[in-house]
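Please look at the structure below before reading on.

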Amino acid sequence: MIVRRFYDDRLAQASYLIGCEQCGEGIVIDPARDVEQYLVAARQEHVTITRVAETHIHADFASGTRQLAAATGATPLLSGEGGTEWQYQFAASDGAVLLHDGDSISFGRVRLDVLHTPGHTPEHISFIVTDLARSNEPFAILSGDFVFVGDVGRPDLLERAAGVADSKRAAAAALFRSLQRLAPYPNYMQVWPGHGAGSACGKALGSVPSSTLGYERLSSWAFIARDEAAFVASVLEGQSEPPVYFAEMKRLNREGPPVLPSTDLPILDPATLDTLGDKAFLIDVRLEGAFAEAHREGWLNIPFARAFTKWAGWLVPYDRDIYLLAPTPAIGAGARTALASIGIDRVKGMFGPGLLDAGKRDGSLVRGKQVPMAEVEQLQRHGVVIVDVRDPDEWAAGHLDGAEHHPLGTLPRAMASIDRNTPVALHCAGGSRSAIGASMLEQMGFRNVTNLLGGWSAWSGIDK
């Protein structure tokens, strides 16, 4: 049996290629939309991808099932569980095979048995993997968002992200019962989850890529909990606010993400900028220091780094044409791929450094205002509004007297009605999130915005 794991650090999302050396066939579970990685791996392993499957309708990334099926001719395998409310709307048109509890998928000496494991979502299924060339006993579980290392999938997303009222407690109870279904399986069975640390699909995911069922039984709070009521209370307590784009992903993945064409991102002439109009949404993906040094007005700065996709999901609209400013074509292409991974497909083109050169010539570049966090009290005395853009748990652990708290993802909504002449200074833990927030406020038309360098970490270290 062949096993290849693929991991997107920006989404903390894992997908898997399972293949059989004997028959030369393979299946991909929970593919991302960037399918070239699977095609390359299949060639390396000398297998043909004949099937592509999902564990559930995802909320945190755009599924690559349709993209991979279009590229390979593979048959989509989708859950038929969950009742009429949670069915894949594209299943019939795409010739998908619907899977139910107890079904088996066999190719060569590999078998995947379908286990309905609702809780995170009503239709969620897991795959019990058996390597028949070695044993008739189960080898691993492809658990999707059911069981993680050290945690389980959150059951509140249908209510909080998809708007299904009063569903989270029933979903939590279903999740508890799904865990009981694992009782017959051996301790040595490996757990291959769909996410790792940093994913918003759970609250305490481990960073180790895999585990065993026995170790989770010993160490995971979810398996240790024996009482359903206590489990329900624990799993619902302390869940973070889901990113706003989760609701869009549930809709998109249910309807079926469109298959993207294989076209290069156009590199635009600087003169094109003046023709885009007010409806264009502009993203500068350079690092925050370079942006602060010199940038064009009206651009949101989200550096193309590990957190790029997360903050794009919070701050970038789905209903506007997107244009990028990137230091190299490769970085621009990478940012476009990352945006497509959460269904932001309307990226129409990119500008290169020539746009900044043109700005130097015509004097249209501006500098970002940055001051050390040590000056925050002086700013407060002069009437500057201090905004803390950290997460709620960071705020609860300690914050500046007199500051307002608006987590970065909520900043546009929180500041929408504020007079644009109001002087505002933002801080986070170190200065990166607040730099994004400062560019966001500038894009919204605020005229006096300051990023507080060093953030709470610097303030905590000052001898006051």
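## The largest pocket

Helix α10 contributes 5 residues to the lining of the largest pocket, the most of any element. Helices here are DSSP runs of H or I with at least four residues, strands are runs of E with at least two, and both are numbered from the N terminus. The model is predicted, so local features need pLDDT of at least 70 and side-chain atom pairs count only at pLDDT 80 or more, while totals for chains, interfaces and linings use all residues. Residues are numbered from 1 along each chain as its sequence is written, and side-chain values use heavy atoms, with hydrogens and water left out.

The space in this largest pocket is about 1,200 Å³. A pocket is an open set of points on a 1 Å grid over the protein atoms alone, with protein on both sides within 12 Å along at least five of seven lines; a cavity is a set of points where a 1.4 Å probe fits but cannot get out, and lining residues have an atom within 4 Å of a point. Points are joined across faces, edges and corners, and a volume is the space filled by probe spheres set on them.

In the largest pocket, 44 residues form the lining, and Gly198, Lys310, Trp311, Trp314 and Asp391 lie nearest the centre. Two or more lining residues come from each of α8 (245-255), α10 (308-315), α14 (392-397) and α16 (432-444). The lining of the largest pocket has 21 nonpolar, 11 polar and 12 charged residues. In this scheme Ala, Val, Leu, Ile, Met, Phe, Trp, Tyr, Cys and Pro are nonpolar, Asp, Glu, Lys and Arg are charged, and the others, Gly among them, are polar.

## The second largest pocket

The second largest pocket has a volume of about 940 Å³. Its lining has 40 residues, with Arg33, Asp34, Leu260, Thr337 and Ala340 nearest the centre. Helix α11 supplies the largest share of this lining, 7 residues. Among the elements that supply at least two residues are the strands β1 (2-8), β2 (13-20) and β19 (347-351). By class, the lining of the second largest pocket divides into 19 nonpolar, 10 polar and 11 charged residues.

## Cavities

How many cavities of 30 Å³ or more are there? The count is 2. The largest cavity has a volume of about 110 Å³. It is lined by 13 residues, of which Phe291, Ala292, Gly368, Ala435 and Ala438 are closest to its centre. Helix α16 gives the largest share of the lining of the largest cavity, 4 residues.

The second largest cavity has a volume of about 30 Å³. Residues including Ala14, Tyr16, Trp192 and Pro193 line the second largest cavity. Strand β10 (140-144) is one of the elements that supply at least two residues of this lining, and the largest share, 3 residues, comes from β10.

## Where α4 meets α7

Helices α4 (residues 168-180) and α7 (residues 228-236) pack at an angle of about 120 degrees, with axes 9 Å apart. Axes are lines fitted to C-alpha atoms, for helices over the stretch in contact, and angles run from 0 to 180 degrees between N-to-C directions. The two helices are therefore oblique to each other, a term for angles that are not under 35 degrees (roughly parallel), over 145 (roughly antiparallel) or 65 to 115 (roughly perpendicular).
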